[in-house]
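Trainee: I am new to this structure. Could you show me how to read its features, one at a time?

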Amino acid sequence: MFAPIGRPRVMGIVNVTPDSFSDGGRFLATDDAVSHGHELLADGADILDIGGESTRPGATRPLVGDELARVIPVIEELVGAGAVISVDTMRAEVAEAAVAAGARIVNDVSGGLADPRILEVVADSEAAYVAMHWRAHGATMQRFTEYADGVVASVRAELEARLDAGLAAGIPEGRIVLDPGLGFSKTADQNWELLRGLDRVADLGRPILVGASRKAFLGLLLADGDGRPRPVGERESAHAAITVHLARAGVWCTRVHDVRATRDVLAAAQRLDDLERRDQQ
Ligand code: PMM
């Protein structure tokens, strides 16, 4: 899963939620989520990230039983189709059931802070663990955007603490991935600073995953003359520039909604990089 392939892995997002800001709950039904997963695989997704809890600012949390009912049948189906599955959850119970159903990655946006037992669940499995930078649940997260040492140094330090917590729980270092958590307790400017400072997070020595796709900071960047943010579905061309940046920064994985567009951008960037390498020889 971590062998170099010359480009970032592309993780396609399958949100099985009624209130996700980016796809508006279109994939709530199991069958719809599964067929969306198949589409993303056909578009070239390396990994599918299946989540049953919306983390949008202000979102309320689902009951654990509802989260399980949303994600487990979808994971079972898509594992059966041979896909590499990541489960997007902050809950140990959901992570445990997902891994039992064949998920190979636990993507925990809270980095073990929301439910620390998740670290033990991962340690007892063979799954990889994505620890994202996080400070609070969606209802309050935008109250916590103060970074005493500047956003890059603070996020780096807080992620290092999550890495240490994962190691202390027994997760082998080689299975841990770090994510700066764009949009989670971050202002738009702070997201840009983090994108610019990715190498300082990468120097913690772990593979990096980044999720920028369709996020609000892109909507603000592309706002119209009256300050109205660009609608969620119309942010892809700006995201393409970020994809090139992520490829150049050597990130392990980019988490996206539009897999096809992302693979296209990566193909073009890779072609140019190949020529540059040739000319340097
Ligand atoms: N963003 C969202 C959800 N899960 N997981 C990781 N590792 N990184 C992210 O940036 C991330 C995530 C929220 O975005 P969505 O509602 O569009 O899925």
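Mentor: Let us begin with a term: a residue is near a molecule or strand if one of its heavy atoms lies within 4 Å of it. This is a predicted model, where local features need pLDDT of at least 70, side-chain atom pairs count only at pLDDT 80 or more, and totals for chains, interfaces and linings use all residues. Residues are numbered from 1 along each chain as its sequence is written, and side-chain values use heavy atoms, with hydrogens and water left out.

Trainee: Which of the 18 residues around the ligand come nearest?

Mentor: Those are D88, N107, D179, K215 and R255. To sort the shell by class, count Ala, Val, Leu, Ile, Met, Phe, Trp, Tyr, Cys and Pro as nonpolar, Asp, Glu, Lys and Arg as charged, and the others, Gly among them, as polar. Here the shell holds seven nonpolar, seven polar and four charged residues.

Trainee: Which strands each supply at least two residues of that shell?

Mentor: Strands (E, at least two residues) and helices (H or I, at least four) are DSSP runs, numbered from the N terminus. Strand 1 (9–15) and strand 5 (128–132) each give at least two residues to the ligand shell.

Trainee: How far is a polar side-chain atom of N15 from an oxygen atom of the ligand?

Mentor: A polar contact is a pair of N or O atoms within 3.5 Å; within protein, one must be able to donate a hydrogen and the other to accept it, and residues adjacent in sequence count only if both atoms are side-chain atoms. For N15 the distance is 3.3 Å. An N or O atom in the side chain of H257 lies 3.1 Å from a ligand oxygen atom, and for a polar backbone atom of G211 the value is 3.5 Å.

Trainee: Which residues in helix 1 meet helix 2?

Mentor: Contact means heavy atoms within 4.5 Å. T30, A33, V34, G37 and H38 of helix 1 meet P73, V74, E77 and L78 of helix 2. By class, this contact has five nonpolar, three polar and one charged.
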